[in-house]
Amino acid sequence: MDDRTVQLRRMTPAEYETVTGRREAETARELAAFLPEELARERAREGTARFLPDGPDTAGHHLVVAEDAAGRVVGDAWIGPDLRTAAGEEHAAWLYDLHVEPELRRRGFGSAILRAAEALTAREGWTALGLNVFGGNEAAIALYRANGYQVAAMALRKTV
């Protein structure tokens, strides 16, 4: 396991706008494999509005940037309550997004951000951290598996 560490801090309003634009564009790109492009963009925007109605001030959500030991921003994450958990079940958090700056990928920062997100999850009193990853994102799947994440559910699709 890599020994890199990062510190998480709350995003500034400008960082939130930049990250939200990037996240919505990436989500729309992934959804466009299954939906018309304009509908994919609309769904991505709707997701932000639904899950973050108050933007970076949405209660219970942590929109953070990750900085290395030198204070350089190496990535970001969005951690919040797992809204899929039924009442009375496990009190879990959800990793809505994890991003490592492209030029810093494959250097251990993804694992470092995950460890920091897990620590934040524990501090908040959540007992588990779940996430979703698109099936074709082999790099992300490898990252999560290397960090002990296991498949909890799987959805399959075939165009006919």
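**Exercise 1.** In which helix does Glu15 lie, and which residues is Glu15 in contact with, leaving aside its neighbours within four places in sequence?

*Solution.* The structure is a predicted model.
Step 1: Find the element. Glu15 is part of helix 1.
Step 2: List the contacts. Beyond its neighbours within four places in sequence, Glu15 touches Arg9, Arg10, Val65 and Val73.
Step 3: Look at the side chains. Those of Glu15 and Arg9 are joined by a polar contact of 2.8 Å.

**Exercise 2.** Describe how helix 1 and helix 2 are arranged.

*Solution.* Two packed helices are described by the angle and the distance between their axes.
Step 1: Locate the helices. Helix 1 covers residues 13–31, and helix 2 covers residues 37–51.
Step 2: Take the distance and the angle. The two axes come within 8 Å and cross at roughly 135°.
Step 3: Classify the angle. Angles over 145 degrees would count as roughly antiparallel, and 65 to 115 as roughly perpendicular; helix 1 and helix 2 are therefore oblique to each other.
Step 4: The crossing of helix 1 past helix 2 is right-handed.
Step 5: Name the residues. Helix 1 contributes Tyr16, Thr20, Arg23, Glu24, Thr27, Ala28 and Leu31 to the contact, while helix 2 contributes Ala40, Arg41, Arg43, Ala44, Arg45 and Thr48.
Step 6: Sort them by class. The contact has 5 nonpolar, 3 polar and 5 charged residues.

**Exercise 3.** Summarise the whole protein chain: which elements does it have, and in what order do they run?

*Solution.* 
Step 1: Count. The protein chain has 4 helices and 5 strands.
Step 2: Order them. Starting at the N terminus, the elements run β-α-α-β-β-β-α-β-α.
Step 3: The C-alpha trace spans about 50 × 35 × 35 Å along its principal axes.
Step 4: Compare with a globule. A compact globule of 160 residues would have a radius of gyration near 15 Å, so the 16 Å of the protein chain agrees.

Definitions and conventions:
Residues numbered from 1 in each chain as written. Predicted model: local features only at pLDDT ≥ 70, side-chain atom pairs only at ≥ 80, totals over all residues. Heavy atoms only, no water. Axes fitted to C-alpha atoms, helices over the stretch in contact; angles between N-to-C directions. Helix = DSSP H or I, 4+ residues; strand = E, 2+ residues; numbered from the N terminus. Parallel < 35°, antiparallel > 145°, perpendicular 65-115°, else oblique. Left-handed = near helix turned anticlockwise from the far one by under 90°. Contact = heavy atoms within 4.5 Å. Nonpolar A, V, L, I, M, F, W, Y, C, P; charged D, E, K, R; others polar. Polar contact = N/O pair within 3.5 Å; in protein donor to acceptor, adjacent residues only side chain to side chain. Rg over C-alpha atoms; globule rule 2.2 N^0.38 Å.
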